[in-house]
Amino acid sequence: MHNACPLMFVLVPSHRCCILFGALVCSLLAAREDDKIENKHLSGNIWIVKPAGRNRGIGIEVLKGFKDVDNFIKKQNVSSQWVVQKYLEDPMLIHNCKFDIRQLILITPEKEVFMYENSYVRTSATEYSKDTMDRAVHLVNDYVQKHEDNYGKYEDANKLSFDEFREILKAHGKSFDDDIYPQMMEATRHVFRSAIDKLNPRRVDYCFELMGMDFMLDSSFKVWLIEVNTSPALFR
């Protein structure tokens, strides 16, 4: 999945890990430059920090600079785990607001993987800016958005159907089915080829898994896989 996901790694806030954190990020960014895989959409210095094993945007921090990330991690419980992810700073916008694509995935007991064709787009109703770390600007989770005064300003419950998203892309001269969905399918194939054998570790008979994969588009319509969620919400 070369260059299909933002730069990302997992940290445990031990003293040694925090000391090495700044050097680790510098080394990774230098490696990206040496390998000539620079990308203008990842060129700034905003980072997303997520607690492992949580959902609904709970505990997520948007931080400007990995020194802020380092300081934040140092204050956390030493037994906790955090996912640190490079922020996608030049996303495609709708109404000048950020959005992501929630793709529902079903995995059968036979390890077949199905992408639900009527999934949806989650939107923010707060205008996008890199100059603020306001969570309502950067996080489109319902848990975050539903507390905002402008919730539902543009779309009912800050949601778009895939058909509505198709029309938006058409206005940009792009096809969801020809330009966007194939990229999502390719990323999905890579994810489950690498992880399918780790699902259902207790080997429960007739076990189905439902997951939610979150994708973003940058301003050049490249698809980025942001994360994969277990037990995605199926309610408004």
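I began with Gln103 and found its side chain reaching the backbone oxygen of Tyr116 at 2.8 Å. The model is a predicted one, and I read every entry here with that in mind.

Next I looked up where Gln103 sits. The residue belongs to strand β5. Is Gln103 buried or exposed? I get a relative accessible area of 0%. Gln103 counts as buried because that value falls under the 20% cut-off.

Then I listed what Gln103 touches, leaving out residues up to four places away in sequence. Tyr116 is on the list, along with Met115 and Ser119. Phe162, Tyr181 and Met184 are there too. Met211, Gly212, Met213 and Phe215 complete the list.

I also checked a backbone distance.

Second topic: empty space. I rely on a simple idea here: a probe the size of a water molecule, rolled over the atoms, shows where space is left empty.

How many cavities of 30 Å³ or more does the structure hold? I find one. The volume of the largest cavity is about 240 Å³.

I went through its lining next. The largest cavity has 20 lining residues. Nearest its centre lie Lys50, Lys98, His138, Leu139 and Ile226. By class I note 10 nonpolar, three polar and seven charged residues.

Which strand gives the most to this lining? Strand β5 does, with three residues. At least two residues each come from β2 (46-51), β4 (82-86), β5 (97-107), β9 (209-217) and β10 (223-230).

Terms used. Residues numbered from 1 in each chain as written. Predicted model: local features only at pLDDT ≥ 70, side-chain atom pairs only at ≥ 80, totals over all residues. Heavy atoms only, no water. 1 Å grid on protein atoms, 1.4 Å probe; cavity = no way out; pocket = protein on both sides within 12 Å on 5 of 7 lines; lining within 4 Å. Points joined across faces, edges and corners; volume = space filled by probe spheres on them. Helix = DSSP H or I, 4+ residues; strand = E, 2+ residues; numbered from the N terminus. Nonpolar A, V, L, I, M, F, W, Y, C, P; charged D, E, K, R; others polar. Buried < 20%, exposed > 50% of the residue type's maximum accessible area, 1.4 Å probe, protein only. Contact = heavy atoms within 4.5 Å. Polar contact = N/O pair within 3.5 Å; in protein donor to acceptor, adjacent residues only side chain to side chain.
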